[in-house]
Amino acid sequence: MDIRKEDLDAAVEAGVIDTQARDRLIVFARTRLQGAGPDNESFRLLTGFNDIFVALACLLVLGAIPALLPALAAAIAMAVFSWGLAEYFTRRRRMALPSIILLLAFVGSVFAATFMALTAGGHWGRAAQQLWSQGQYTAVLAPAMVAGLAGAAAAALHWRRFRVPVTLAAGAGALAVGFIALVGALIPSGPAMQAAAFVAGLAIFGGAMAYDMRDRDRLTRSTDIAFWLHLLAAPLIVHPVFKLTGVLEPGSGPAAAVIVLLLYVVLTTIALVIDRRALLVSALVYVLVALQGLFAAGQVAAGFGLTALILGSFLIMLSAGWGSLRRRLLGFLPDGWRARLPSPA
């Protein structure tokens, strides 16, 4: 029988072993696995195929509820069912993938129920029409702000009970939605909301780095929490920055594509320093569009093939040399910075 890191965490919480013994056991186990180390950026998603089986079952049950009940009642019922299922599959069975799905379903259902309760049923299509066509920002964004706070409170409650690593990212995401909605209600413009998203992303990135600095060797639950926070922060930071280049706008010229590529080099450097690849993944779509615009020249298929070949080759070489590149890059940083960043492999 394999002993997982979550089993050791549970043993610490139960008082069976102390944290030092747990960390020593994890270090010993990792040294016996070829390729183990901080640069792997590992996180637990599956404990076995049963995770997929149970996750599908949970999705079927939760997906059936909106078809059987009115919208507001369905959202409330989904929140209740998600919590009830988590009592068994998360708290007792400690299954990774079902726990993530049930957590997201719970927080999302609380958010949706709050929004719908504040908008007299919350017809999403009508809300979108009010926002974009009629310019009624406050009528939509004020309830969204309250719903974001409710979602964050739901995540905090879920964390106290179940301690699923993705919970903090879900709560931070709900707070980010609330903050962006608040800014949009006060300053009804797209650029203001994009700036709010960027600020929220930076705040979440700071939280992720705080958890990373708690666990430089990436042995404890802190590294899993940091992973999900980085995954959330990356698109919030990347999208507003690349939006300013206009690369997704029709007729964007080569200058915008060059700016995108230069920004991607900067993001690659930051990703190497902090040893997190989420920034690179979030920016991929912008780089693909930028390269496609440079190489297409009227031949869409050939342009995409060349784009995919160049970008794929770059990522393969980057992955192969990640450890050595990171060690060299860290050598240029002050000792105080290196002492706070994740340890090189």
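How far apart are the end C-alpha atoms of H4, and what should its 19 residues span at 1.5 Å a residue?

## Helix H4

In this predicted model, the end C-alpha atoms of H4 are 26 Å apart. At 1.5 Å a residue, the 19 residues of H4 should span 27 Å, which agrees. The buried residues in H4 are Ala74, Ala75, Ala77, Met78, Ala79, Ser82, Ala86 and Phe89.

## H4 against H5

The axes of H4 and H5 cross at roughly 155 degrees and come within 8 Å. Angles over 145 degrees count as roughly antiparallel, so H4 is roughly antiparallel to H5. The crossing in which H4 passes H5 is left-handed.

Residues from both helices make the contact. On the H4 side they include Ala71, Leu72, Ala75, Ile76, Trp83 and Phe89. On the H5 side they include Ser99, Leu102, Phe106, Val110, Met116 and Ala117. Among the H4 residues in this contact are Ala79 and Ser82, and Ala79 and Ser82 are buried.

## The nonpolar cores

The largest nonpolar core has 53 residues, and Ile204 and Leu229 have the most contacts inside it. Helices H3 (49–68), H4 (71–89), H5 (96–118), H7 (137–162), H8 (167–186), H9 (190–214) and H10 each supply at least two residues of this core. The largest share, 9 residues, comes from H5.

Leaving aside residues up to four places away in sequence, Ile204 touches Ala172, Ala176, Leu229, Leu232, Ala233 and Leu236. A second, separate core has 20 residues, including Leu267, Leu279, Leu280 and Ala283.

## Helix H10

Helix H10 covers residues 221–243. Its 23 residues should span 33 Å at 1.5 Å a residue, and its end C-alpha atoms are 34 Å apart, which agrees. H10 is mostly covered, with 17 of its 23 residues buried.

## Ser222

Leaving aside residues up to four places away in sequence, Ser222 touches Tyr211, Arg214 and Asp215. Ser222 and Pro165 are 57 residues apart in sequence, and their C-alpha atoms are 8.0 Å apart in space.

How values were computed:
Residues are numbered from 1 along each chain as its sequence is written. This is a predicted model: local features need pLDDT of at least 70, side-chain atom pairs count only at pLDDT 80 or more; totals for chains, interfaces and linings use all residues. Side-chain values use heavy atoms; hydrogens and water are left out. Helices (H or I, at least four residues) and strands (E, at least two) are DSSP runs, numbered from the N terminus. The expected span of a helix is 1.5 Å times one less than its number of residues. Buried means under 20% relative accessible area, exposed over 50%, partly exposed in between (1.4 Å probe, protein chains only). A nonpolar core is a set of buried Ala, Val, Leu, Ile, Met, Phe, Trp, Tyr and Cys residues joined through side-chain atoms within 4.5 Å. Contact means heavy atoms within 4.5 Å. Axes are lines fitted to C-alpha atoms, for helices over the stretch in contact, and angles run from 0 to 180 degrees between N-to-C directions. Angles under 35 degrees count as roughly parallel, over 145 as roughly antiparallel, 65 to 115 as roughly perpendicular and the rest as oblique. A crossing is left-handed if the near helix is turned anticlockwise from the far one by less than a right angle, and right-handed if clockwise.
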